[in-house]
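Subject: Structure handover

Hello,

Here is the structure I promised to pass on. My notes on what was found follow below it.

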Amino acid sequence: MPEWLIYMLPWLSVLVFVTAVGACIGSLVNVLVYRLPLGLDVIVPTSRCPKCDHKLTWRENIPIFGWLLLRGKCRFCKAKISPEYPIVETVVALLFGGIWALWYVIPDQLGRDTVLGSIAPEWALNGAAMTWPATVVLLVLVGCLVAMTIIDARTSTIRLELTWVPAGVALVLHTAHAWWFYHKYGNPAMMPGLEGAWIVPNAPRMKWLTAPGEVWTLATGGLANWKFIGMGIGGTIGLGVSILMLRFKLLTRSFSDFDEWYEQHHKETKQLLNASSDQPAEIQADSDRLASPDPVVPVPAESADELPVAAEETPESGMDDWLQYPHARREMVKELAFLCPPVMLAFLGSWLATLFVSKQYGPWTHDSVSGQMIAPANAPLWLVVLGGVLMGYLIAGGVVWAIRIGGTMAFGKEAMGLGDVHMMAAVGACLGWIDPTLAFFLAAFVGVAYAIVAQVFRGKLSKAMPYGPFLAVATMMVVLGKPLVEMGLGRLFGMDAPMNLP
Ligand SMILES: [Zn+2]
């Protein structure tokens, strides 16, 4: 074996493995995209030709290569198989392999000061062995974002299951990862003079690297920020209270009478259409009667009936109906009521945390030099990280929800979907509160860029695009463009150096 191969083999084999896993997840994304909107079981029936129902063999089921093997056609009925399948598999495979390479291979091989080498977050420099759970959380999020994007672009709905999976994985993996670290090494302690490099007291030779001001792989409140932790736990319990109140009908769902209104609204428009087409239809029928002795009477009525039915099927009119719903402002009051328990319990939790901590560790003190409050003691790392996950979920979801309520109140039309709230909350649970907040504002620019491109290529804006795909693209831009984002923010706030983010 040549020497360079022996040298490359360890990281190359892992990279190939991660890319292959990505292709398989891409295959799963295809299944989700096809079956979820149809309400089909995701696991039970194996892949079949949608036309002749012929079962695919294991070889034809291999991601990307299966489609190439069949040359895009069913082996039996020769029906074309959409190239979307291998394309989605390739995209997810490249995202998985690319993120792994950028995080763990390129900084080592090319150096941290190269363009590609600088993309990895600081924590990834601790190596895959120490940080793989955080990367797995990111990859799960990426897979779900791809599926959400395709489904949302097609059906204008965000499947909530696809937001709960990454949020749940983040809650378990991030917290367990920090728990493992805490029980093996204890809390890291700030290394004097070097912000972002921590000494691990139980393992004196180990240096734990994070972004300056951070302790872990996602944005937290810091080791001593008990209020942040209390707020996250309180807010999450409040969210549970609100969900229970919805279940027991103590709160009502917003837009719960939409279906009723929709039917009524359509009956009215149908009648209106019938009334307006009555006149010319009768004239038409009269002239028909003149031409042929056996007039077919229902023709005008039928053609008038067909109009609204045909219009219903185009996605544009579906979106329009949603926007025409007249009680959007009133419905926001219901959503504000839903938000009361989480907000109140978040503040209660923050207050209780200070009480509990002052009992346990002594009171908060006031630093007369800096003017800041000093917390009595550090929280254990796993609790700090749990607080980061919960607050990420709450803040990122809260930002989108606040804009939704504000926008709807201002314009009287529903602005942003609740699906978008769920989606960014999930991103917050996986990456902490900073990334999704940035991505949310970046998404508006992505939307404008898409509108311009669509205008140039199609000559007109074909249809109102839902916001979810822009949010997903913006999230990926923040994750993969951190150095650029940090530079941009540094300029924006007039700082001398790029702003440092986790
Ligand atoms: Zn077939």
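Three strands make an open sheet, ordered β1-β2-β3, with antiparallel pairing. Strands here are DSSP runs of E with at least two residues, helices are runs of H or I with at least four, and both are numbered from the N terminus. Two strands count as paired if DSSP finds at least two bridges between them. The edges are β1 (189-190) and β3 (207-209), each pairing on one side only. β1 is joined to β2 (residues 197-199) by 2 bridges. Ala-189 sits opposite Ile-199 in β2.

A word on the source. This is a predicted model: local features need pLDDT of at least 70, side-chain atom pairs count only at pLDDT 80 or more, and totals for chains, interfaces and linings use all residues. Residues are numbered from 1 along each chain as its sequence is written.

Now the whole chain. It has 15 helices and 5 strands. Of its 502 residues, 34% are buried. Buried means 20 or more other C-beta atoms within 10 Å of the residue's own, exposed means 12 or fewer, and partly exposed is in between, with C-beta atoms placed from the backbone.

Next, a helix pair. α4 (residues 128-155) and α5 (residues 161-185) pack at about 175 degrees, with axes 9 Å apart. Axes are lines fitted to C-alpha atoms, for helices over the stretch in contact, and angles run from 0 to 180 degrees between N-to-C directions. The two helices are therefore roughly antiparallel (an angle over 145 degrees). Their contact includes Pro-133, Val-137 and Ala-147 of α4 and Leu-162, Val-169 and His-177 of α5. Contact means C-beta atoms, placed from the backbone, within 7 Å.

Then the core. The largest nonpolar core holds 105 residues, and Ala-147 and Leu-471 have the most contacts inside it. Such a core is a set of buried Ala, Val, Leu, Ile, Met, Phe, Trp, Tyr and Cys residues joined through C-beta atoms within 7 Å. Helix α11 (residues 381-411) gives the largest share, 15 residues. Setting aside residues up to four places away in sequence, Leu-471 touches Asp-420, Met-423, Met-424, Ala-439, Phe-440 and Ala-443.

Last, Val-33. It lies in helix α1 (residues 3-35). Val-33 counts as buried because it has 21 C-beta neighbours inside 10 Å. Beyond four places in sequence, Val-33 touches Ala-147, Ile-150 and Ile-151. The C-alpha atoms of Val-33 and Arg-154 are 9.6 Å apart, though 121 residues separate them along the chain.

Best wishes

Definitions and conventions:
Parallel < 35°, antiparallel > 145°, perpendicular 65-115°, else oblique. Contact = placed C-beta atoms within 7 Å.
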